[in-house]
Structures are given as C-alpha cells and as structure tokens.
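Here is a walk through one protein chain, taken a piece at a time. Keep the picture open while you read.

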Amino acid sequence: MKRRLFASVLMLITFATVASAQMGYLTNQHYYKKNVPAGNYSGLANIGGNKYVVVNDKPLYDGFDLFTIDINYVTGEIVNVRKVKSLSSGYKGVRDGEGIAYFPPSNTVFISGEADNKILEYDMNGHLTGREILLPSGVSIPVSNYGLESLTYNARTHRFWTTTESTLPQDGQQANSVNGIRNHLRLMSFDDNLQYVKTINYIMDEPLSTSQAKTYANGVSALCALDDGRLLVLEREAFIPKKLSGSWCVNRVYSVDTNTPTKDNVPAQKKLVAMWRTSFNLLHKDFANYEGMCVGPKLSDGRQVIVLCADSQNQYGKLLRDWFRTIIM
C-alpha cells in the first residue's frame, strides 16, 4: 500500500515538473456518441481538408473507415467528428490493423498489421493492391502483440516511418508493470519506392507503474511525420487492475529530429511536446488509450494541429468512450 501511494505521489510530482517544459498546447478531449459508433480506432491520417482515413484494429472485415473531423481554425479545438463509411478489402479482419498512412503519389493507403506484421497497400475503395513495404533484413518480429503498431508518411520529406510497439526480442527485454525496464525501439524509415532507408534507435521513458496489473500496455502507439523532418512519437503506458476502477493511462508525445546524423547504438535525443494522464475511478471517467496521431490543418495564426484518437476497446463495458483531441504546435 505504501509503495503504491509513493508511486502515485511521484507521478503527480513528475507531471508538475514537466508541465512547463512542454512544447505543445493540449486541447480538451471530446467524444461524439451520435456520430461515432463504438470501435477500436487505432490510427488515422488526413487525406485532405476535414477528411481522414481511420483504421479499426478489430473490424469484421479488413479495411479502413472514412471520417470527417471538423476543427476550429482559431482555437484548434475539435468541433465535430463523424464516421462516414467503411471500406473493405473483402477479407475477414484478421490483420489487427494498427497504423495507417495516406500516400499521395499513388492516392492509396498503407496499413500496418500487428497480427501479420506487414505493411500493405490499399486503394481508396479499400481493396488490396498487392504492394507492401518490406522490413529491413535482420529485423525479426514475432507474430504476437507488441508488433508493428504505428505508421506515418510525409509527402514533403518523402518518408514513411514505422516501429514496433515494444522492444524486439533481439534488442532486449520488454517493459512490464513491475520490472521498471525502458523499452528500446527501432524507428524505421522507407522512401517513395517502399525501400528501406535507415533506422533511428529510440529509448522510451522509465515505466511509472510499480504494481502488478491485470492488463498493462507500455509502448509507442503512434508516429507522426512533420514537414520539417521531425517525427512525433507517442509513448503510451496503460495500467488496468483487476477492476476497471483505478485504471490510468499516461500519454507522452516526444519530438525527434530525423535530420540529425545518427550513430550506431546511440539513441535519439527527444524533446517533450505534450504529456497528459487520464483515469477511471470514482472521480474521473476520462480514461483514454491514445493509439492514433496525425497531422491536421494549420490554424489561422499558422500553428500546426496534431489530431489524436483513442482506442476504447469497442467502448468496453459501455464505460469507455472513443475520445478525440488535438495538440497545437
């Protein structure tokens, strides 16, 4: 009990310490019960204006959804979110799609699957094209949870970026709710020809959890490539005890400059963009496991909007919600 109390106090101190160091402004999170059906939304990408493609990691059929997300161009707050329709490849949803990226050169969409650990291309009708991004040789990813979780593409830098959710078997032990280990990840990039370019080593923060959890997830859940070569990395730590009450999720978004020359085994330097904590207990019911992040519009003053979505596990127990929010940079 004392250990848990100490961990809670330490978490509050940590949040107070980093608040002033954040580079981005975090807006309120919103949900739209009437317009967004319960889902497992785990990634999104802008395809122009207020239109977005969204991937659901537990669909009946493999494919993606079309959404509209309206944003106030002065405040950056989300005004409305609406699911328009689903587009299917015709195959049963066995890929566990996690990350999604829009590829303007061919007007197609790429989706990373955690079950098959492949990055496959789809046309705008949801059909597979037969093309895929191949991982570099020597990268061995087990077909299980903690595989390929995120995907992003930037048309100005002509780069795809992806990574696994947690540490690869060949790179060390994975973090869990009690071991205090920091995950070591590989941020991997690919060009317009779908060819491998380079890898940046990345080390996550030390876990905040010190207690045994019923369900625990600690890893990078999303990436977002910016026009200037920076890569936003979303570190997500979710702790769920035997009962939902007492659950919490800490989200940290860091910026990594991919233009900086990399050295073997030297981890990337990262700068904090935003950090927030959500929870589910007697006082708070805003628990949100954020798994999607992409570039949105620019505001009237030129600031960049970053759009995020959370995975509610199909609005688990009719208690969780499909949250959306933005970061203003």
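Two strands pair if DSSP finds at least two bridges between them. What you have on screen is a predicted model, in which local features need pLDDT of at least 70 and side-chain atom pairs count only at pLDDT 80 or more, while totals for chains, interfaces and linings use all residues. Residues are numbered from 1 along each chain as its sequence is written, and side-chain values use heavy atoms, with hydrogens and water left out.

First, the overall view. The chain has one helix and 20 strands. Its C-alpha trace spans about 55 × 50 × 45 Å along the principal axes. For 329 residues, a compact globule would have a radius of gyration near 20 Å, and the 19 Å of this chain agrees with that; the radius is taken over C-alpha atoms, and the globule rule is 2.2 Å times the number of residues to the power 0.38. Buried residues make up 51% of the chain, where buried means under 20% relative accessible area, exposed means over 50%, and partly exposed is in between (1.4 Å probe, protein chains only). Now take the contacts, meaning heavy atoms within 4.5 Å: among those with a separation of 6 or more, 58% are between residues 24 or more positions apart.

Now find strand β15, residues 230-240. On one side, ten bridges join β15 to strand β14 (residues 215-225), and the two run antiparallel.

β15 is mostly covered, with nine of its eleven residues buried. Which residue does the side chain of R236 meet in a polar contact? The partner is the side chain of E165, at 3.1 Å. A polar contact here is a pair of N or O atoms within 3.5 Å; within protein, one must be able to donate a hydrogen and the other to accept it, and residues adjacent in sequence count only if both atoms are side-chain atoms. Leaving aside neighbours within four places in sequence, R236 also touches other residues, including E149, N218, C249 and Y290.

Next, the nonpolar cores. A nonpolar core is a set of buried Ala, Val, Leu, Ile, Met, Phe, Trp, Tyr and Cys residues joined through side-chain atoms within 4.5 Å. The largest has 21 residues, and those with the most contacts inside it are W161, L187, Y202, V220, L223, L231 and V233. The elements giving two or more residues to this core are β12 (184-190), β13 (196-203), β14, β15, β16 and β17 (270-280). Apart from it lies another core, of 18 residues, among them Y32, I69, I78 and I328.

T162 is another residue to look up, in strand β11 (residues 159-164). At 0% relative accessibility, T162 counts as buried. A polar atom of its side chain lies 2.6 Å from the backbone oxygen of S150. T162 is also in contact with L187 and L223, among others. From T162 to C224 is 62 residues in sequence, but 9.5 Å in space, C-alpha to C-alpha.

Finally, look at an open sheet of four strands, paired antiparallel in the order β1-β20-β19-β18. β1 (25-26) and β18 (290-298) stand at the edges with a single partner strand each, so one side of each is left without a neighbour in the sheet. Six bridges join β18 to strand β19 (residues 304-310), and K298 has Q304 as its bridge partner. In the loop between β18 and β19 you'll find D301. D301 is partly exposed, with a relative accessible area of 49%, and its side chain makes a polar contact with the side chain of R303 at 2.8 Å.
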